[in-house]
Amino acid sequence: MRYVSNLPYATKEEEDVRIPMPDGVQLSARVWRPTSSDNEPVPAVLEYIPYRKRDLTSVRDSMHHPYIAGHGYACVRVDLRGTGDSEGVLRDEYLEQEQADAEAVLAWLADQPWCDGTTGMMGLSWGAFAALQVAARQPPSLRAVVIASFTDDRHADDMHYMGGAMLSDNLAEAGTMFAYATCPPDPAVVGDRWREMWHERLENTGPWVLPWLRHQRRDDYWRHASVAEDYRAVRCPVLASSGWADGYSNAVTRLLGNLDVPRKGLIGPWSHKFPHLGEPGPAIGYLQEVVRWWDHWLKGVDNGVMDGPMLRTWMQDSVPPSTSYEERPGRWVSEPTWPSPQIHPVTYPLTRHRIGAPAEDGTVGEGGDESVGGGAEMTVRSPLSVGQFAGKWASYNAPPDLPYDQREEDGGSLVFETEPLTERLEILGSPTVELDLAADRPVAMVAARLSDVSPDGAATRVTYGLLNITRRESTENPEALEPGTRYRATVQLNGVAQAFPPGHRVRLSLSTSYWPLAWPPPEPALLSVYEGSSTLTLPVRPTDEPDGVPADPFEEPEGTSPLSVTRVTAPDARWEVKRDMVDYRAELEIVKDQGLVHFDEIDLDVGRRAYERYTSVADDFTSATGESTWTMRFRRDDWDVRVETHTRLTCDDTDFFVDATLDGYEGERRVFSRTWNETVPRDLL
């Protein structure tokens, strides 16, 4: 990262600007803008998230908001209602109130004397969700958005469910927000009202996993704020990015294929981070790209920002399996449009342990429900241990959380692989697996993993997908399986750009469990897969196609100098898989402890510690247990406050059980405590 200070515009900062909402609640904003904007109004760019601008995101904010402001924009970072120093309560994600507030913020910005009446929105993750969702509401001042690591479909492709199977991140991320939504505002900003505001949050916030667990089907709860419901609603230009190591690797290409507005896509090798801070590398000069986007769409500068390809992406080279990488070898490639006319789906038949060669015309057998007489039967009933080396649904690269060598996972899976490749194979897009199958239980799942197998046998997972087979036709109206009946089911794997070198094999692995990445079905199921009519389809990018971009199309990452912080206590990060061979208990333990950090500018100590634990016993699918525990601490002089949350999710074959606690402390004195014990019926899950 190159830190720059010589920018086109001198800037000033306003640390706490109050923005009134129609109901009287005031949101807290931090504003960076050119000093000249007092007399020469500029466009405003909004980042709108719940992660505490005064402390938790302040270092990151200080690197990119002053940078963009220094190029002639008013950058505004707003804490959502009920978070940071904003008033109110945050009860859930992406509610109508949140989006109405965002529209009110944009209207307020457009009306300021230092704003020329035009606005943009930008963000990563929640901030990107917010920008895309608000764009679909078409507020009059919003002229463009810049979004990173997001989804357009809250049920099909978010941290809650995948292919109708429930992800463990449904619990983990709920635990994160349970903690963030109950933190106090800073007395240095809100004064003596801090305690009243804090207790309002404590008393009106519950475990976020409960609403997410009560909606196991795609219903109006998930349709709300899912732009995929109506892409035509987005009428402003979109610059969209993500990373192949992120959980949100699919939405960029879906937007490119479905929006009818000027749009550009960028996908690197990154985890859940902004591209200029991208890990694994290479990181890129993302903020320069963002400024060019704003210059064109908010200022009308004819800078050629829409020239060139619609999609630029990092074609990843083969690597040995590892839970983290500093850099992913590869190269930048581009596609002029999406879907790309140069990418061809190639379908391979699945036979006993083999991925067969496709027919010359690219077709395979007929298949279908009626093909009961054709194809040998192959079966798998996976142990609950398959999935312990799956890594995180969305990598954050701390602690190391990418999937490890898949050979042990493959021991409990139905495996198909090619002969050693005689020439380089490159794929770009979303592979699919079409299965002719039957199960011996009314509820069953299948996890499909695509791996790159080196000549020494090491297997690096390239991508994967999940399917709760009861949702094979519809996530709105699932149907129990009739044991022994054959069905057609399609498993959509996450999008990826990956090269397989000569001498390597492509491996497809199918398992009936993937714990703890995904919650297991009520009981083990024997899955029958029929050869010939079951297939793998890869989106093949011909290796003789031009890459379409220079070898290094981006500048070096830039930003302004980060705020000064002092580490008080050391951080701790662990990812440990344990197995007890006495009682057959398996455990995954994750520690993400940021330690205590002193924010020098505001003389504040802040501590964050997250602990996750996932356990199971032997192959008892109802023994699956997940726990998420958070501690958030804030300390200055005689002000010492902390929040502790704990959420535990267990199940039997008919119900889920949520047990949760919330405790608030001033010093060592507990000043608030509440407990929840809730039962949620399983819905073919």
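Modeller: Gladly. Let's start with Gln-406, which is found in the loop between strand E16 (377-380) and helix H11 (407-410). Please keep in mind that this is a predicted model.

Biologist: What makes Gln-406 count as buried?

Modeller: Its relative accessible area is 0%, and buried means under 20%, so Gln-406 is buried.

Biologist: Which residues does Gln-406 touch, leaving out those up to four places away in sequence?

Modeller: They are Phe-389, Arg-449, Ser-451, Ala-459, Arg-461 and Tyr-514. With Arg-449 there is also a polar contact between the side chains, at 3.1 Å. The cut-off for such a contact is an N or O pair within 3.5 Å.

Biologist: The loop between E16 and H11 also holds Asn-397. Why is Asn-397 called buried?

Modeller: Asn-397 has 15% relative accessibility. Buried means under 20%, so Asn-397 counts as buried. Its phi is near 65°, a positive value in a residue other than glycine. In the loop between E16 and H11 you will also find Pro-399, and a cis peptide bond joins Ala-398 and Pro-399, with omega at about -5°.

Biologist: Where else is there a cis peptide bond, for instance one that involves Pro-282?

Modeller: Gly-281 and Pro-282 are joined by one, with an omega of about 10°. Pro-282 sits in the loop between E11 and helix H10 (286-299).

Biologist: Let's turn to the helices. Why are H2 and H3 called roughly perpendicular?

Modeller: Helix H2 (residues 96-110) and helix H3 (residues 126-135) pack at an angle of about 75°, and their axes are 10 Å apart. Angles of 65 to 115 degrees count as roughly perpendicular, so that is the label for H2 and H3. On the H2 side the contact is made by Glu-98, Gln-99, Ala-102 and Leu-106, and on the H3 side by Trp-126, Ala-130, Gln-133 and Val-134. By class, the contact of H2 with H3 has 5 nonpolar, 2 polar and 1 charged residues.

Biologist: Which strands pair with E6, and what makes them count as paired?

Modeller: Two strands pair if there are at least two bridges between them. Strand E4 (residues 42-49) is joined to E6 by 4 bridges, in the parallel sense. E6 also pairs with strand E7 (residues 142-148), in the parallel sense over 6 bridges. For landmarks, Leu-46 stands opposite Met-121 in E6, and Met-122 stands opposite Val-146 in E7.

Biologist: E7 brings helix H9 to mind. What covers the buried residues of H9?

Modeller: The cover includes H3, E7, strand E10 (238-243), strand E11 (263-268) and strand E12 (311-316). The buried residues in H9 (residues 251-258) are Ala-251, Val-252, Thr-253, Leu-255 and Leu-256.

Biologist: Next, Arg-486, in the loop between strand E21 (459-468) and strand E22 (487-492). Is Arg-486 buried or exposed?

Modeller: Its relative accessible area is 10%, and under 20% means buried, so Arg-486 is buried. The side chains of Arg-486 and Asp-436 make a polar contact of 2.5 Å.

Biologist: Finally, why is Thr-569 called partly exposed?

Modeller: Thr-569 has a relative accessible area of 37%. Buried is under 20% and exposed is over 50%, with partly exposed in between, so Thr-569 is partly exposed. Thr-569 lies in the loop between strand E28 (565-567) and strand E29 (572-580).

Notes: Residues numbered from 1 in each chain as written. Predicted model: local features only at pLDDT ≥ 70, side-chain atom pairs only at ≥ 80, totals over all residues. Heavy atoms only, no water. Axes fitted to C-alpha atoms, helices over the stretch in contact; angles between N-to-C directions. Helix = DSSP H or I, 4+ residues; strand = E, 2+ residues; numbered from the N terminus. Parallel < 35°, antiparallel > 145°, perpendicular 65-115°, else oblique. Contact = heavy atoms within 4.5 Å. Nonpolar A, V, L, I, M, F, W, Y, C, P; charged D, E, K, R; others polar. Buried < 20%, exposed > 50% of the residue type's maximum accessible area, 1.4 Å probe, protein only. Polar contact = N/O pair within 3.5 Å; in protein donor to acceptor, adjacent residues only side chain to side chain.
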